[in-house]
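Could you walk me through this structure in my viewer, telling me what to select next and what is there?

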Amino acid sequence: MSIVGESVKRIDAFDKVTGRAKFINDINFPDQLVGKVLFSNKPHAYIKDIDIKEAFSIKGVHTVLTYKDIPGKNINPLIIYDQPFLAEGKVRLCGEALALVAAEDEYIAQLALEKIKIKFEDIEPILSPEDSLKEGAVKIHEKGNILKEYRIFKGDVEKAFLEADLIHTGTYTTGYQEHAYIETNGMIALIERDGSITVYGSMQCPFYVQKAVATILNFPFNKVRVVQTVTGGGFGGKEDVPSLVAAWTALLAYKTGKPVKLILNREEDIISMSKRHPSITKYKTAVTKEGKILGTEVEFIVDGGAYTTLSSVVLWRGTIHAVGAYKCENVKITSKAVATNKTHCGAYRGFGIPQVVFASEVHYDEIAHLLGIEPSKFREINALKVGDEISTGQKLKFSVGLLETIKKAKQAANWDEKIKIYPLIEKDGRKRGIGMSTNFYGVGLGAGGRAIDKAGSFIQIYSDGSIIIAVGTTEMGQGANTVLAQIAAETLGVNIDKIHIMESDTTRVPDSGPTVASRTTLMSGNAIKNAAEKLKEKLLKVSAEILSVKKEDLNIKNGLIEFNDKSITFEEAVTECFKRDIPLFETGWYYAPDVSFNEENGQGNPYPVYSFSTNIVEVLVDIETGEVTVDKAWSAHDIGKSVNPQLCEGQIQGGFVQGLGLCLYEELKHDNYGKILNPKFSTYILPTIMDVPEINPIIVEEEYPAGPYGVKGLGELPPMGVPPAVVNAIFNATGIRLRDIPITPEKLRKTIKERSL
Ligand code: MTE
Ligand code: MOS
């Protein structure tokens with residue numbers, strides 16, 4: 001291989017660093033109006049009346065719209081249909097959209113919002129999953145407050161508890177996390193001359209957006225074109241919610257007949273868009289004194305917020321990964337996503353796993369300590385290997401690199417030595433500690449999303465030998481288009497500068513599902529390889545005829561098609577195809593292999609393949625202030641095959657910092673009315689460059705036979721294992737084990753003082 005495996009420069013680097021890349025807010029159409037949304041400041045209330053008269057009468061206001069103006073259906077067509085585009089009858093969170101305005105400028109639009117008069121009748125808000133689950137609790141939805149439930153039963157946990165040398169229990173909680181993408185959500189919609197609508201914007205999932213716009217307008221899909229513009233970060237936060245923003249913008253454009261641009265400002269984005277789910281997870285685990293996990297019982301609850309949105313699938317993924325990357329024959333897992341009158345939580349890098357990984361990896365570390373077993377040994381004893389079964393009964397047949405990630409991370413970190421001596425080191429009032437975690441990740445949508453786990457591609461070679469590619473997945477900063485171009489270049493045997501990947505556009509490729517679940521390199525990579533191989537066949541056939549050699553003998557590489565001393569260039573072969581009327585365009589397609597899940601007992605093969613990782617971190621804990629500094633980290637990932645090592649390292653480093661934020665800094669606060677108190681980057685504390693430790697990425701390649709060139713997936717793994725590794729390192733340093741994140745200095749200091757360290 002010559003290009004796959006090379007750290008080629010990102011194809012979007014130049015445009016992005018020079019400012020030539022056009023984000024949605026850089027784009028304008030003549031005659032364009034500004035769209036704005038009225039968001040509710042009530043967490044739970046009946047809507048008695050909406051009076052838009054005064055707002056409408058303001059000069060420069062083109063339209064004011066409520067649910068009554070929707071020509072199609074007022075329901076976001078996601079998995080479980082319970083979220084309206086615009087509140088109808090009832091509001092269920094502070095930050096729900098009530099009305100829309102299109103005006104000539106931002107100030108007029110804002111003024112109009114202030115003149116909309118709404119009569120509410122308050123309902124008691126439910127602000128925690130505990131309150132939501134109480135008997136007789138106020139119902140947020142007709143169907144009740146449980147949005148979704150899952151269970152996994154394997155073996156006999158009761159028997160495991162009887163046979164155990166030690167039974168350990170613990171409850172672990174995690175908080176909200178805001179995606180904090182640099183670019184807030186935004187769209188432009190316009191009605192075209194032929195009566196169809198085009199929507200441009202920042203998004204991960206153009207095909208979700210297409211469906212939402214078609215639903216609100218009652219348009220057939222063939223009259224809704226969605227184009228993803230350069231997107232300044234998604235991290236899951238642009239999976240489902242862009243559908244709302246696009247639907248609002250499309251409705252305004254449809255009603256006014258003019259292009260409408262609707263960009264949320266930071267505060268609007270934070271109060272109304274999705275977040276990472278807060279969670280409560282209880283573990284009760286049976287082990288032998290030698291450290292073998294015999295059985296575990298898990299109760300996993302996530303706070304879904306006011307609407308189901310993606311909670312059902314986030315919960316599913318978390319449930320399946322709740323045992324961690326270990327063998328365990330006896331398992332009982334029950335899980336619930338619960339409604340509250342707060343922001344609807346959705347996808348955020350890791351998608352339900354960071355919550356259970358935090359809980360299980362801290363829990364197992366506690367067990368290792370109780371048994372007097374060195375924590376990495378405990379993990380090695382139980383680690384999944386080829387041939388083992390996960391909690392759903394799936395037997396892992398290939399590509400299980402977990403032990404290799406543990407080994408490589410330990411070696412690089414000099415773990416064996418440090419784990420012994422670090423707790424003894426104290427310098428300038430700071431204690432030093434080291435900690436570890438492992439985790440695994442089912443790549444793709446799996447059985448939970450099998451129907452949409454597919455991807456298409458279109459490749460055309462022009463007569464000058466340049467190549468254009470369309471895919472249905474999106475580039476959002478992760479580097480997908482660069483690795484996809486590498487896969488195309490590798491397969492076609494050309495240099496990467498021959499390839500141009502178009503912006504994602506729903507009219508160019510078939511529905512390729514969402515750009516989530518770390519599936520892009522695997523799914524679109526295979527779809528591209530599929531089309532490229534068909535084109536390569538055509539080129540080789542023609543070349544073989546010209547060179548009078550057997551097609552099978554020919555090799556195509558670096559733009560040259562050759563056998564021994566005979567060769568022609570890629571361009572010559574292309575010219576020849578054009579002469580002979582051989583069409584040089586092809587479509588490619590890939591769908592995920594068979595997967596299964598039985599909802600009754602949670603048994604089946606939920607995902608086709610898993611990636612694995614191990615994180616080791618070193619911390620310094622200031623005993624006086626409670627401040628934790630992570631100063632070194634080793635993050636090892638088995639991802640099948642790294643197409644572009646430098647981009648993989650970038651994913652690992654960036655993701656690590658997001659995990660650090662979840663663990664130490666980020667805390668979204670609500671008042672006792674369900675209103676977010678800190679919807680600003682000045683009050684919602686994110687890690688900055690000053691908090692970034694030395695992060696050493698390590699890549700392990702246990703190839704996946706069905707992946708393009710062996711690829712599995714990486715995108716979401718990097719942040720997942722960071723919080724438990726940090727918490728375990730804090731324990732190593734101080735003997736204090738906190739079970740709820742974020743661990744702010746205030747929280748840790750309080751515990752340190754209580755225990756008078
Ligand atoms: N990296 C950057 N720079 N920006 C992002 O928005 N999203 C993450 C991850 N890495 C993201 C990112 C999430 S949530 C997912 S699902 C994957 O990238 C998606 O991309 P992939 O399928 O190419 O891994
Ligand atoms: Mo990623 S949370 O699957 O968009």
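Begin by selecting Asn414, which sits in the loop between helix H12 (402–413) and helix H13 (415–421). Check its backbone torsions: Asn414 has a positive phi of about 60° although it is not a glycine. Keep in mind along the way that this is a predicted model.

Next, jump to another loop, the one between helix H19 (722–734) and helix H20 (745–754), where you will find Pro742. Show the backbone here: Ile741 and Pro742 are joined by a cis peptide bond, with omega about 5°.

Now bring up ligand 1 and the 16 residues around it; Gly234, Phe235, Gln478, Thr520 and Gln651 come nearest.

- From Thr520, a polar side-chain atom lies 2.6 Å from an oxygen atom of ligand 1.
- From Phe235, it is a polar backbone atom that is 2.8 Å from an oxygen atom of the ligand.
- From Arg349, an N or O atom in the side chain is 3.4 Å from a nitrogen atom of ligand 1.

For the last stop, select helix H6 (residues 206–217) together with helix H7 (residues 242–256): their axes come within 8 Å and cross at roughly 40°. That angle is why H6 counts as oblique to H7. The crossing of H6 past H7 is right-handed. To see the contact itself, show side chains on Tyr208, Val209, Ala212, Val213, Ile216 and Leu217 of H6, then on Pro242, Ser243, Ala246, Ala247, Ala250, Leu251 and Tyr254 of H7. Colour them by type and this H6–H7 contact divides into 12 nonpolar residues, 1 polar and no charged.

Conventions. Residues are numbered from 1 along each chain as its sequence is written. Chains are lettered from A and ligands numbered from 1 in the order in which they are written. This is a predicted model: local features need pLDDT of at least 70, side-chain atom pairs count only at pLDDT 80 or more; totals for chains, interfaces and linings use all residues. Side-chain values use heavy atoms; hydrogens and water are left out. Axes are lines fitted to C-alpha atoms, for helices over the stretch in contact, and angles run from 0 to 180 degrees between N-to-C directions. Helices (H or I, at least four residues) and strands (E, at least two) are DSSP runs, numbered from the N terminus. Angles under 35 degrees count as roughly parallel, over 145 as roughly antiparallel, 65 to 115 as roughly perpendicular and the rest as oblique. A crossing is left-handed if the near helix is turned anticlockwise from the far one by less than a right angle, and right-handed if clockwise. Contact means heavy atoms within 4.5 Å. Ala, Val, Leu, Ile, Met, Phe, Trp, Tyr, Cys and Pro count as nonpolar, Asp, Glu, Lys and Arg as charged, and the others, Gly among them, as polar. A residue is near a molecule or strand if one of its heavy atoms lies within 4 Å of it. A polar contact is a pair of N or O atoms within 3.5 Å; within protein, one must be able to donate a hydrogen and the other to accept it, and residues adjacent in sequence count only if both atoms are side-chain atoms.
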